[in-house]
Amino acid sequence: MTMQETTAASAAAGAKVFPGSDSRRYNYFEPKGRKATHYEDVTVDVQPDPERYLLQNWIISFGDGTPTYSKDWTALKCADWHGFRAPDQEWERTHYQRQSTIVGMIQNVVENARRAGAPQRFDKAWVAVLQNHVGAFKHAEYGLGTALMRAQRYGYTQMVNNAILTNASYKLRFAQDLTLYLAEVGSDIGGFDLDAGKAHWLDDPIWQPCREAVEHIRAATDFLEQYFAVNLVFEPLVGELFRSGFVMQVAAAQNDFSTPSVISAAEADYERNLANAVELFALLLRDPVHGEDNRTMLQSWFTHHGGLAVKAALQLQPLWSLPRVKTASFADAFERARDRVAAIGREIGIDADLPALPPVEVGQAAAVTDAAAE
Amino acid sequence: MADAILQARINIIKIMGRDDMPDGLTLNKITSQKGIGITEAARRVADLGWTPSYVKEAMAFPTDYKISKAPRDPMKQVLRSYFPMQEEKDNRVYGALDAALRGDMFRNVEPRWIEWMKLFLAIIPFPEISAARSMATLGQLAPGDDLRTGFTMQMIDEFRHSTIQMNLKKWYMENYIDPAGFDITEKAFGKCYATTIGRQFGEAFLTGDAITASNIYLQVVAETAFTNTLFVAMPSEAARNGDYALPTVFLSVQSDESRHIGNGHSMLMSVLKEPDNHLLLERDIRYSFWQNHMIVDAAIGTIIEYGTKHRDKNKESYAELWHRWIFEDYYRTYLLPLEKYGIKIHHDDVHEAFDSIVKKNYVHKIAQFFSAGWWANFWRIEAMTERDFEWFESKYPGWYDEFGIWWENYAKLSKPGSVPITFADTGYVYPHRCWSSLVPCVIREDFTIDEVDGELFTYASEVDRWTHKEAFAAEYQGRPTPAMGRFSGRRQWEEVYDGWDLADAIQDMGFVRPDGKTLIAQPHLSFEEKDMWTLDHVRGHTIRSPLLALREMTPQQRQAHVEEYRKGFKIRRV
């Protein structure tokens with residue numbers, strides 16, 4: 001009898017018992033929980049490194065000798081970069097399902113609103129806010145998305161990079177959501193200028209500190225500084241402030257029910273991205289060897305980007321005066337942002353307490369010309 | 001009121017189950033709102049970018065190319081149409097996997113085929129995710145924002161490919177008779193002599209000069225030319241072996257590739273505009289084409305020709321597939337037209353690559369090598385049989401004379417306790433390894449050596465020598481090329497384990513089953529424990545690095561060795 005003749009009649013699991021015939025789990029990594037999740041199975045160790053399995057090390061380097069992946073691409077250090085797992089557990093299927101659901105939700109809301117003639121009933125002052133300021137804000141989202149798209153190249157593990165990659169995907173989708181939404185509702189509203197948003201983004205004094213903050217994030221050369229500045233600084237202090245603290249609270253009173261629905265997707269995206277980022281930075285600050293150095297570095301990043309973000313937030317204050325029906329105040333919104341960023345800081349272990357808004361500063365910021373906003 | 005009337009009318013149509021609407025009028029047309037056209041949508045989305053004025057973004061990724069012209073987006077897609085389309089594609093893939101299990105696919109699948117998936121699927125998720133990472137590079141380097149959506153989609157596509165392939169592998173592991181090898185997959189990827197060849201492919205997507213890596217090597221050559229053999233030809237062979245899962249997943253993957261090919265071509269057109277880039281383009285197209293041929297044809301050629309049980313003589317051989325996909329479709333319709341832009345195309349390399357497959361038996365010699373070192377694998381390779389011989393002889397006349405006895409020996413030596421074929425008296429000479437592609441130098445007459453920075457290296461061919469010595473250097477034809485990558489690491493697996501006992505090396509790699517002694521690799525497909533080799537069966541044989549031995553020789557000895565090596569060998573029956 002030859003070896004060929006001894007093969008099993010069926011090639012299905014369990015057709016024969018032999019050494020290894022029941023080894024049906026990926027056995028080369030420690031699951032975070034009792035059993036590996038599907039996310040872990042399809043993610044962990046796909047990007048290897050010399051510490052985990054690269055017997056022959058990286059085999060191509062850059063011209064200056066830097067290997068394909070390097071721990072030196074961030075100032076933060078970690079005793080075990082492989083310990084990170086993204087709390088949102090996203091892999092390709094869940095990512096497409098979620099993104100597709102959001103796209104469908106937005107399209108339904110917008111179609112229904114337009115079918116009902118809702119955009120024509122938006123308050124006129126509010127239409128100007130949509131045109132000029134929501135139109136400007138879409139560029140901030142895009143800038144953060146492009147920064148993250150670059151950042152996803154540099155992480156030392158697949159888990160870190162994929163969390164940043166999905167974050168970039170969410171941000172770039174949302175920038176496009178806003179762009180196409182404004183173009184569509186704008187076509188129902190006479191005289192809606194689709195180029196005004198970019199003009200405000202580039203030249204309106206209200207938006208310049210915001211643009212400055214985003215450009216600093218884009219220009220940061222440390223990929224984790226970018227990830228930190230996006231999710232732990234800019235988003236709570238400026239992103240949420242504008243989206244939740246302004247648009248979502250104010251729009252309904254201006255007869256606009258569709259814009260908050262579009263914006264709400266970004267708020268839900270952010271909750272997931274924030275959870276991922278908090279998990280990563282908390283891990284880095286808990287690091288038994290490098291935790292303290294990491295804390296110092298994050299604190300300095302917070303000082304730098306926090307300063308820019310606070311300046312950006314304060315400069316946006318005149319926007320709260322623009323809607324005809326005023327249902328929210330900048331002071332309340334900023335206070336919530338301040339609480340939020342402080343809570344995030346506590347969660348990971350840095351001091352992110354910002355001084356309360358001085359009344360005089362409110363007044364000064366309010367003096368910024370409304371004319372430019374209109 | 002008008003809405004209510006319209007809705008009532010729609011309801012009546014639904015209830016009556018008939019379509020009494022005027023020709024051309026559909027429910028969708030009645031209810032949908034006029035949107036903006038796709039061209040306008042793409043234009044608006046591209047206008048999201050701006051030139052920073054507060055602080056300039058440093059160019060993070062090095063390149064020696066000059067790029068001033070913004071690439072255009074040929075596909076004009078936006079993310080809101082992309083995500084639902086991809087979700088639908090996923091639904092079909094996962095539905096098909098469920099259906100395959102309900103249809104008891106594994107009852108009839110050929111183990112010879114699935115075993116090779118342990119190798120293929122250990123490799124491919126890494127190049128995929130490397131491609132995702134490389135979109136960071138192109139997104140930053142490309143002037144303007146027109147193609148940003150294209151790069152974004154490609155980034156997410158590659159994330160899709162990487163994780164969907166990991167899922168497929170898990171699915172094989174859970175349902176195929178022998179999960180060993182799938183269970184250690186990513187660990188095996190880091191240890192195996194063969195997967196390092198795949199890593200050369202993947203690392204080349206994202207390391208070194210950014211345009212060389214991400215545009216030319218990845219998009220212009222790997223995706224435009226070689227994904228056809230990887231993701232189209234190979235799935236066809238899978239289906240012939242009762243595996244419906246691989247075609248389902250990989251044809252879905254391939255459907256994304258057209259987008260990547262479009263991105264690559266658009267970027268290439270931008271790069272071409274600058275005459276200063278032409279010399280670098282000539283270099284990079286040459287290097288990329290040759291190395292893709294060396295790596296992809298070695299792996300996929302072997303899997304298609306030697307992983308199959310299907311021996312219909314009307315079926316195309318790998319050589320025929322290559323001629324159709326690479327020579328006709330790619331070389332004639334994509335590469336040749338680049339000449340009109342002033343790019344020198346190395347026609348001789350394309351012809352030489354084809355000749356290496358049809359005249360020099362490249363694929364067969366690689367398969368022979370894989371089987372010669374079967375004990376270092378984490379998958380099984382069974383012997384070719386009389387039926388296989390018939391097919392090979394009809395497709396590659398003269399095949400039996402050169403390879404038939406080898407496979408007869410292999411079958412004879414597949415019983416545990418036999419001498420591992422590598423060490424048997426067959427006349428086989430364990431090959432040198434090419435420093436550039438990492439593929440063994442199996443076409444003996446093309447073998448060459450050279451010194452770089454005072455050290456001796458071995459190469460499979462003249463183009464491989466040129467790749468290391470001239471292309472991957474700080475200067476190319478008198479022009480400084482500081483951004484170009486360098487070959488690094490412990491590139492030769494044999495060097496790592498030089499002087500080791502086989503059993504110790506296998507144990508060190510972790511290619512042992514959970515009982516701690518039975519090898520994952522087996523030179524047969526018997527699932528009887530008594531037929532399976534253990535560490536004890538391979539102990540007592542020593543791994544030697546041909547390169548280290550060569551370096552230790554005197555110049556005269558070396559010259560004689562090279563001449564002897566180039567003569568090749570004749571296999572004896574054991």
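What we have is a predicted model, in which local features need pLDDT of at least 70 and side-chain atom pairs count only at pLDDT 80 or more, while totals for chains, interfaces and linings use all residues. Residues are numbered from 1 along each chain as its sequence is written, and chains are lettered from A and ligands numbered from 1 in the order in which they are written.

Let me start with chain A, which has 13 helices and 1 strand, where helices (H or I, at least four residues) and strands (E, at least two) are DSSP runs, numbered from the N terminus. Read from the N terminus, the order is α-β-α-α-α-α-α-α-α-α-α-α-α-α. The C-alpha trace of chain A spans about 90 × 50 × 40 Å along its principal axes. Of the 374 residues in chain A, 56% are buried, and by buried I mean that 20 or more other C-beta atoms, placed from the backbone, lie within 10 Å of the residue's own. If we take contacts in chain A between residues at least 6 apart in sequence, 80% of them join residues at least 24 apart, a contact being two C-beta atoms, placed from the backbone, within 7 Å.

On the H9(A) side the contact is made by A:Phe281, A:Leu284, A:Leu285 and A:Arg286, and on the H10(A) side by A:Gly291, A:Asn294, A:Arg295 and A:Leu298.

Turning to the interface, how many residues does each chain give to the contact? Chain A gives 89 residues and chain B gives 109 residues. On the side of chain A that touches chain B, the largest share, 15 residues, comes from H5(A). There is also strand pairing between the chains, since E1(A) and E5(B), residues 486-487, pair in the antiparallel sense over 2 bridges, and pairing requires that DSSP finds at least two bridges. In that pairing, A:Ser61 stands opposite B:Arg486.

In chain B itself, E1(B), residues 448-452, and E2(B), residues 455-459, run antiparallel and are joined by 5 bridges, with B:Glu451 opposite B:Leu456. Their hairpin has 2 residues between the strands, and B:Asp453 takes a positive phi near 50° there.

Finally, consider H7(B), residues 125-141, whose 17 residues should span 24 Å at 1.5 Å a residue, in agreement with the 25 Å between its end C-alpha atoms. Since 17 of the 17 residues of H7(B) are buried, this helix is largely enclosed by the rest of the structure.

Leaving aside neighbours within four places in sequence, B:Asp146 is in contact with B:Ala46, B:Ala70, B:Pro71, B:Arg72 and B:Asp73.

Notes
The expected span of a helix is 1.5 Å times one less than its number of residues. A residue is buried if 20 or more other C-beta atoms lie within 10 Å of its own, exposed if 12 or fewer, and partly exposed in between; C-beta atoms are placed from the backbone.
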